[in-house]
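Hi everyone, thanks for coming. Let me put the sequence and structure up, and then we can walk through a few helices together.

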Amino acid sequence: MSQQISLFNDDALRVEAKSDELTLTAARGRPLTKAQQTFNRLIKRIEALRSKIASETRRFDNLLAYYGKHLYPRLQRQTELRKALARTLATFLDNKRLKGKKTRSTLCDLIADQLDAIVAEDDCLSDDDLRALFQRVTGEDFEDVTREEFEEARQEMESTFNEFGIDIDLSDMKPGMSDEALAAKAAEMNTRLQEEIDKQQQSFAPPRGKTARQLEREKREKLAEELRKKTVATVYKQLARVLHPDLELDPERRRQKERLMQELTVAYSNNDMHTLLRLEMEWIEREEGEIERLTEEKLAVYNQTLKEQVQGLEQELRELPCDPRYQPIVVFEGPFRATVRNDGPAEAFRLDQANASIEASIRDLRSNNGLETLRAILRSYREEQRTSRWDLRDFAF
């Protein structure tokens with residue numbers, strides 16, 4: 001049940017505190033002011049964002065746990081199978097019974113596809129014999145191709161950012177960067193893009209001369225900004241003086257103050273105005289002391305600080321997929337779009353089917369009827385290419 005805390009001597013305004021929630025409510029039929037309504041809206045937005053971040057974090061953690069337990073072993077197995085398949089297919093390159101230039105070219109394409117799939121999963125081609133095989137079937141050095149493709153992708157991203165009017169330096173992006181470094185760069189690009197979008201939205205307002213009222217408002221806003229910078233620290237210091245447990249003799253109150261002081265310290269280090277206000281209200285209610293009038297000016301300062309906290313939480317939510325620990329379950333499709341690997345059981349089923357099919361193909365290729373099996377595989381491969389339904393990642397014989 002909500003508990004009400006009076007902030008006015010005439011009991012015209014109350015704060016309802018329930019768990020981590022704060023709400024200003026008017027008493028005696030008086031309507032809330034615009035600043036009070038803004039305060040409530042910001043508080044609700046902060047609570048909603050925190051709940052969303054917590055739920056998304058749990059979802060990502062569950063997906064990551066499923067990936068580690070079920071998908072990663074299957075993907076590793078598939079990579080090893082593709083390596084074995086590429087090596088098995090390579091034994092037919094010098095087979096004189098395999099006639100026709102077109103047939104041999106198709107075999108080279110098929111081997112190259114397997115090597116590409118290995119690189120897509122492992123981000124590299126570490127085995128020397130497979131690197132040599134890559135050069136044989138493509139006519140290109142693997143390292144040269146990797147550098148060229150990476151440079152093309154980097155230039156494309158820079159060009160895309162330039163189209164948005166964003167000047168960003170991607171020269172530090174190099175082949176072989178760690179997943180953590182790439183995720184950090186993706187987060188940086190996402191932040192820069194959002195900043196530019198916000199900037200452009202603000203610029204849509206048509207310029208016009210400033211009235212005396214606008215100039216006066218700007219002056220008040222400047223003063224409020226200076227006061228706002230001191231608000232979090234001020235609230236912290238005021239609460240720290242009354243909540244510090246060292247001067248408390250009563251054991252029970254000392255334990256209460258120790259808990260509140262720990263929360264207070266964490267909130268201050270996180271610039272968390274929402275929690276600071278909640279702790280302030282909790283202490284006022286508990287002590288039943290004289291309540292300071294919550295003026296419109298003070299509310300305006302609080303609201304500005306809360307707005308910044310909302311912006312920070314929104315950015316945290318946007319950048320959550322870019323967290324390096326979620327790299328295995330997030331696929332980036334260009335600099336501005338990321339999809340989450342959220343169909344774990346279905347993907348595990350597809351991987352089991354694909355792995356069983358590749359194992360069977362390797363076994364048949366190594367049998368006495370290997371050449372006939374290869375011809376059948378090449379026919380199927382050419383047909384899939386012609387109908388444009390070929391998927392290198394889900395390739396199965």
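Start with helix H2 (residues 101-122) and helix H11 (residues 370-386): their axes come within 10 Å and cross at roughly 80°. Helices here are DSSP runs of H or I with at least four residues, numbered from the N terminus, and axes are lines fitted to C-alpha atoms over the stretch in contact, with angles from 0 to 180 degrees between N-to-C directions. So H2 is roughly perpendicular to H11, a label for 65 to 115 degrees.

A word on the source: this is a predicted model, where local features need pLDDT of at least 70 and side-chain atom pairs count only at pLDDT 80 or more, while totals for chains, interfaces and linings use all residues. Residues are numbered from 1 along each chain as its sequence is written, and side-chain values use heavy atoms, leaving out hydrogens and water.

Finally, look at helix H10 (residues 344-365). Its buried residues include Leu351 and Ile358, and the buried residues of H10 pack against helix H1 (34-90) and H11, where contact means heavy atoms within 4.5 Å.

How values were computed. Helices (H or I, at least four residues) and strands (E, at least two) are DSSP runs, numbered from the N terminus. Angles under 35 degrees count as roughly parallel, over 145 as roughly antiparallel, 65 to 115 as roughly perpendicular and the rest as oblique. The expected span of a helix is 1.5 Å times one less than its number of residues. Buried means under 20% relative accessible area, exposed over 50%, partly exposed in between (1.4 Å probe, protein chains only).
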